[in-house]
Amino acid sequence: MIGLILLKMAVPTSEYSKVPGDAQLPGGAAPYGNFPDYSRFHPPEGRIRLLPSALLSKLFPNPRAKPLLGLDVGCNSGELSIALYRHLLGLQETQACQERLNELRLLCCDIDAGLIERAKQQSPFPASISYAALDIMDPDARETLLSSYLGSFGRSTFDIAFCMSVTMWIHLNHGDCGLVTFLSYLASKCAYLLLEPQPWKCYRSAARRLRKLGRHDFDHFRSLSINGDVVERITQILTADCAMELVSCFGSTSWDRRLLLFKSKEANHLV
């Protein structure tokens, strides 16, 4: 709760309440991935079933600092965040043991302030999971928010970060350089990164949805040099340029997206 109070004091809501124009378009298109009913067509269970039970206890058998801190980038309205939180701690649906809840604090952010408000209203763990509207590609905004949150725990990095079906939207809206910058920043802020990148066919589908609405393509779609096997290219960026190593591939969801776990090469002392 202390971390949440400090976060609210340090980061005025108005700074992060701005969502770009046309954030949600009719016909199922959302240029920033902020679909209002995302969990209905990609339910949390599709990812959770692939992850080992009580994953955190396996990654951090003897953590040097408690609680463990997690960051969820692009959390939408929070359903997956809550499911991940339960799964990571090995909680059943009816369990809410305070001792277990004290083991993990989770900061969840999304570009859409409306989705963040929904997430706050339906969260069963308000003392353990914090939500904030944030454009992760705004350097000043992200540094203010994340530094404030981490600082309230006397920390400079997260133990684990989650990025579930977000990379494509960063890539389409910010280009190749934006994607590389995003991956580099995430890698610098966590010991472990659980990533679900979208394959190239998803890019084509997203662009097609815009065209059906009579809109132009994404600004960078036609000029992306990182294309084709995007997942392999992202893995190369993280391992060759961002000092991370691929620890595990937990398999693919029913919608054909892989769950990849990366570990910072500089964080071996944490486990």
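Modeller: Helices (DSSP runs of H or I, at least four residues) and strands (E, at least two) are numbered from the N terminus, and Ala243 accordingly lies in the loop between α11 (230-241) and β6 (244-252). This is a predicted model, in which local features need pLDDT of at least 70 and side-chain atom pairs count only at pLDDT 80 or more, while totals for chains, interfaces and linings use all residues. Residues are numbered from 1 along each chain as its sequence is written, and side-chain values use heavy atoms, with hydrogens and water left out.

Biologist: What makes Ala243 partly exposed?

Modeller: Buried means under 20% relative accessible area and exposed over 50%, with partly exposed in between (1.4 Å probe, protein chains only); Ala243 has 29% and therefore counts as partly exposed. Its backbone has a positive phi of about 55°, although Ala243 is not a glycine.

Biologist: Why is Ser165 called buried?

Modeller: The relative accessible area of Ser165 is 7%, so this residue falls in the buried class. Ser165 is found in the loop between β4 (158-164) and α9 (167-188), and it too is a non-glycine residue with a positive phi, about 55°.

Biologist: How do you know that helix α5 is largely enclosed by the rest of the structure?

Modeller: Ten of the eleven residues of α5 (residues 79-89) are buried, so the helix is largely enclosed; among them are Leu80, Tyr85, Arg86 and His87. Gly90, which follows α5, has a positive phi near 70°. Across the 271 residues of the protein, 54% count as buried.

Biologist: What makes the space of about 650 Å³ a pocket?

Modeller: On a 1 Å grid over the protein atoms alone, a pocket is an open set of points where a 1.4 Å probe fits, with protein on both sides within 12 Å along at least five of seven lines. The volume of the largest pocket, about 650 Å³, is the space filled by probe spheres set on points joined across faces, edges and corners. Lining residues have an atom within 4 Å of a point; there are 39 of them here, and Tyr32, Gly33, Ser165, Val166 and Trp169 are the closest to the centre. With five residues, α9 gives the most to this lining.
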